[in-house]
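Colleague: I would like to learn how to read a fold from its coordinates. Could we work through one example together, feature by feature?

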Amino acid sequence: IHANERYLREIHLPPFEAAFTKAGARSVMTSYNSLDGSPCTAHNWLLNDLLKKEWGFKGFVISDAGATGGANVLHFTAADYTQATEQALNNGLDVVFQTAFEHYTLFIDAFKNGKIPTAVIDSAVARVLQSKFELG
């Protein structure tokens, strides 16, 4: 979709902001769509700037099944699964969700090639573990 920030903040974002800042949601699943040409699963402003920094979200962000790879097979903003994974993790995604264990082979090279900084991986792991510890 294409929508200006004012429209998003006045119409679509208030219930999401309330879920995180008032209700204490601990996780959120990204959508398959894009916002202004960037897949929501790899949208820096949406995931890092708005959700994690402005709203102070301490939980974890998980992709919908297949949404991470959607950057290269749906949105055409990545050349392949490796680049799609790099974009997603570097722009705020914490967990790549897939429907079968064997799908990890599509994403693992992004973690092995050094293009996802260790600090980004550590932050993602810490967010997931923090939620698990809090829930016992």
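Colleague: How is a pair of packed helices described, and at what angle do the axes of helix 1 and helix 2 cross here?

Modeller: Two packed helices are described by the angle between their axes and by the distance between those axes. In this predicted model, the axes of helix 1 (residues 5-12) and helix 2 (residues 14-21) cross at roughly 65° and come within 6 Å. Helix 1 is therefore roughly perpendicular to helix 2, as angles of 65 to 115 degrees count as such.

Colleague: Which residues make the contact?

Modeller: Helix 1 contributes Leu-8, Arg-9, Glu-10, Ile-11 and His-12, while helix 2 contributes Pro-14, Pro-15 and Phe-16. By type, the residues of this contact are five nonpolar, two charged and one polar.

Colleague: What is the overall pattern of the chain along the sequence?

Modeller: The chain has seven helices and four strands, and their order is α-α-β-β-β-α-β-α-α-α-α. The radius of gyration is 15 Å, close to the 14 Å that the globule rule gives for 136 residues, so the chain is as compact as a globular protein of that length. Along the principal axes, the C-alpha atoms fill a box of roughly 40 × 40 × 25 Å. Of the contacts between residues at least 6 apart in sequence, 71% join residues at least 24 apart.

Colleague: What share of the residues is buried, and which residues have the most contacts inside the largest nonpolar core?

Modeller: Buried residues are 38% of the 136 in the chain. The largest nonpolar core has 21 residues, and those with the most contacts inside it are Phe-20, Val-28, Leu-51, Trp-55, Phe-57 and Val-61. Helix 3 (44-54) and helix 5 (81-90) are the elements that give two or more residues to this core. The largest share, four residues, comes from helix 3.

Colleague: Which residues of helix 3 are buried, and what does Val-61 contact?

Modeller: In helix 3 the buried residues are Leu-46, Leu-47, Asn-48, Leu-50, Leu-51 and Lys-52. Setting aside neighbours within four places in sequence, the contacts of Val-61 include Leu-47, Leu-51 and Lys-52, along with Val-28, Thr-30 and Val-95.

Colleague: Now the asparagines. Is Asn-72 buried or exposed, and which residues does Asn-90 touch?

Modeller: Asn-72 lies in helix 4 (residues 70-73) and is buried, with a relative accessible area of 13%. Not counting residues up to four places away in sequence, Asn-72 touches Ala-78, Ala-79, Asp-80, Tyr-81 and Ala-84. Asn-90 is in helix 5 and is partly exposed, at a relative accessible area of 29%. With the same exclusion, Asn-90 touches Asn-48, Lys-115, Ile-116, Pro-117 and Val-120. Pro-117 is 27 residues from Asn-90 along the chain, yet their C-alpha atoms are separated by 7.9 Å.

Definitions and conventions
Residues numbered from 1 in each chain as written. Predicted model: local features only at pLDDT ≥ 70, side-chain atom pairs only at ≥ 80, totals over all residues. Heavy atoms only, no water. Axes fitted to C-alpha atoms, helices over the stretch in contact; angles between N-to-C directions. Parallel < 35°, antiparallel > 145°, perpendicular 65-115°, else oblique. Contact = heavy atoms within 4.5 Å. Nonpolar A, V, L, I, M, F, W, Y, C, P; charged D, E, K, R; others polar. Core = buried A, V, L, I, M, F, W, Y, C linked by side-chain atoms within 4.5 Å. Buried < 20%, exposed > 50% of the residue type's maximum accessible area, 1.4 Å probe, protein only. Rg over C-alpha atoms; globule rule 2.2 N^0.38 Å.
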